[in-house]
Amino acid sequence: MAYDFDLFAIGAGSGGIATARRAAQYGAKVAVAEFDRLGGTCVNRGCVPKKLMVYASHFASHVQEAAGYGWTFEAGKFDWSQMITAVNNEVTRLNAIYQRMIDNAEVTLYKGHARIVDFHTIDVAGETVTAEKILIAVGGKPNRPNIPGIELAITSDEIFNLAQQPKRMVIFGGGYIGCEFACVLNALGTEVTQIIRRDKILRGFDEDIRTEVQDAMQRHGINIVVDELVSLEKTDAGLKVNLKSDNIVFTDVVGLAALGRTPRLENLGLENTRVEVAKGAIVVDAHSQTAESNIYAVGDCTDRINLTPVAINEGRVFADTHYGGKRRVMNHDNVPSAVFTTPEVATVGMTESEAIDKYGEAGIRVYRSRFRPMYYTLPQMEEKTLMKLIVHVQTDKVLGAHMVGDTAAEIIQGMAIAVKMGATKADFDATVGIHPSSAEEFVTMR
């Protein structure tokens, strides 16, 4: 049977576009459908605009830091509107770049919501097309709890559209998105209260890392409260936040930035296929194949590891396998990640508790180094860096590397190569450090 396309990708985010371009480079006839701006969450409402805001927030501390080195600066005035405008202009520029990438790859773009009619047929805004293979790459969306007044809150999607900087903000949840925005807004001068349901932020990260970051955030002025949201009310004094403990907080903006995300599967037409959904996510095998032999899924909608580079790699592996004659499987082990809080967090491999669960407490050795970086000595600031290695006793392999501190993401990216290759602690010890640097601590821990 002849089809309109060899591959039809639903969703033009990181995973969908990476797959479409790679498949087209191999000669496949490819189309992609998107009802929103190109680039998905990462470009439009996630990694990119968030990191730009993180950069903006770092300037707040430069005056104090520079004074320790003999420089005298007057504290500047921050203009929220100028920052938001510049950030959104950059997003618009990237949208245009994504459009050019699609055009240059000769991928057909359908603007509109795509719905699967059957396992080879897709409806896009009333137009029906067919494809030999379908790739689902629809990403996710923020969760909204079902409580009274929840419509008064914003999610991480809307924070980039705030016309004015809030003087007060309450952020719910202790995940990485909420922690990042709490740090950004706090550094920019907003009074931030972060409500977490457990006693510590960043569940799933190494315990030492969680403690180090939470202590630093509180030291920087973020009010972290263990409680639960019950309801929201609009009052003359601002938004009234009612908590389970009967405590009340008044604020200008309530952010649900950290209550998780779920795959965006509504109105996708999965009921017309044999595609299985479990716990709200599309079920796939190691090759990203669903229960329907010609339908595949990558990225956040599969809820494996919800990171942009993972979605990109899953998509490229799919395209290489099916259109490039290079059968590959995406390896989800030892995927590095970062949290752009202040201080920054980056990690790769096992946490200490994960390593103990697998090898026993006697089966691992833990190395830690906590110190004040040289940069903060002259300003006499009590900023700390924490580095940690988890090592398997029997093989001497480094199972995990974790860091809290300036440029943690840049440093751990290099460590990730070593961990992925199976480097041993002896390999780390044999590596000559770059002095003076923070990074050298990873090869001098004893």
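1. Start with a helix pair: K50, M53, V54 and S57 of helix 3 meet E180, F181, V184 and A187 of helix 6. Contact here means heavy atoms within 4.5 Å. Helices are DSSP runs of H or I with at least four residues, strands are E runs of at least two, and both are numbered from the N terminus. By class, the residues of this contact are five nonpolar, one polar and two charged. Nonpolar covers Ala, Val, Leu, Ile, Met, Phe, Trp, Tyr, Cys and Pro; charged covers Asp, Glu, Lys and Arg; the others, Gly among them, are polar.

2. A word on the basis. This is a predicted model, where local features need pLDDT of at least 70 and side-chain atom pairs count only at pLDDT 80 or more, while totals for chains, interfaces and linings use all residues. Residues are numbered from 1 along each chain as its sequence is written, and side-chain values use heavy atoms, with hydrogens and water left out.

3. Geometry of that pair. The axes of helix 3 (residues 47-58) and helix 6 (residues 176-187) come within 8 Å and cross at roughly 35°. Axes are lines fitted to C-alpha atoms, for helices over the stretch in contact; angles run from 0 to 180 degrees between N-to-C directions. The crossing is left-handed: the near helix is turned anticlockwise from the far one by less than a right angle, and clockwise would be right-handed.

4. Helix 3 also crosses helix 5 (residues 80-104), with axes within 10 Å and an angle of roughly 145°. This crossing is right-handed. V48, P49, L52, M53 and A56 of helix 3 meet W80, M83, V87, E90, V91 and L94 of helix 5. The contact has ten nonpolar, no polar and one charged residues.

5. H435 carries the UniProt feature "active site", from an unreviewed entry. Such annotations may be inferred rather than shown by experiment; positions follow the numbering used here, and feature names are shortened. H435 lies in the segment after helix 11 (425-430). H435 is exposed, at 65% relative accessible area. Exposed means over 50%, buried under 20%, partly exposed in between (1.4 Å probe, protein chains only).

6. S369 sits in strand 21 (residues 364-371). S369 is buried, at 10% relative accessible area. Leaving out residues up to four places away in sequence, S369 touches T385, L386, M387, E441 and M445.

7. T155 lies in the loop between strand 7 (140-142) and strand 8 (168-172). T155 is buried, at 4% relative accessible area. Beyond neighbours within four places in sequence, T155 contacts P142, R144 and L256.
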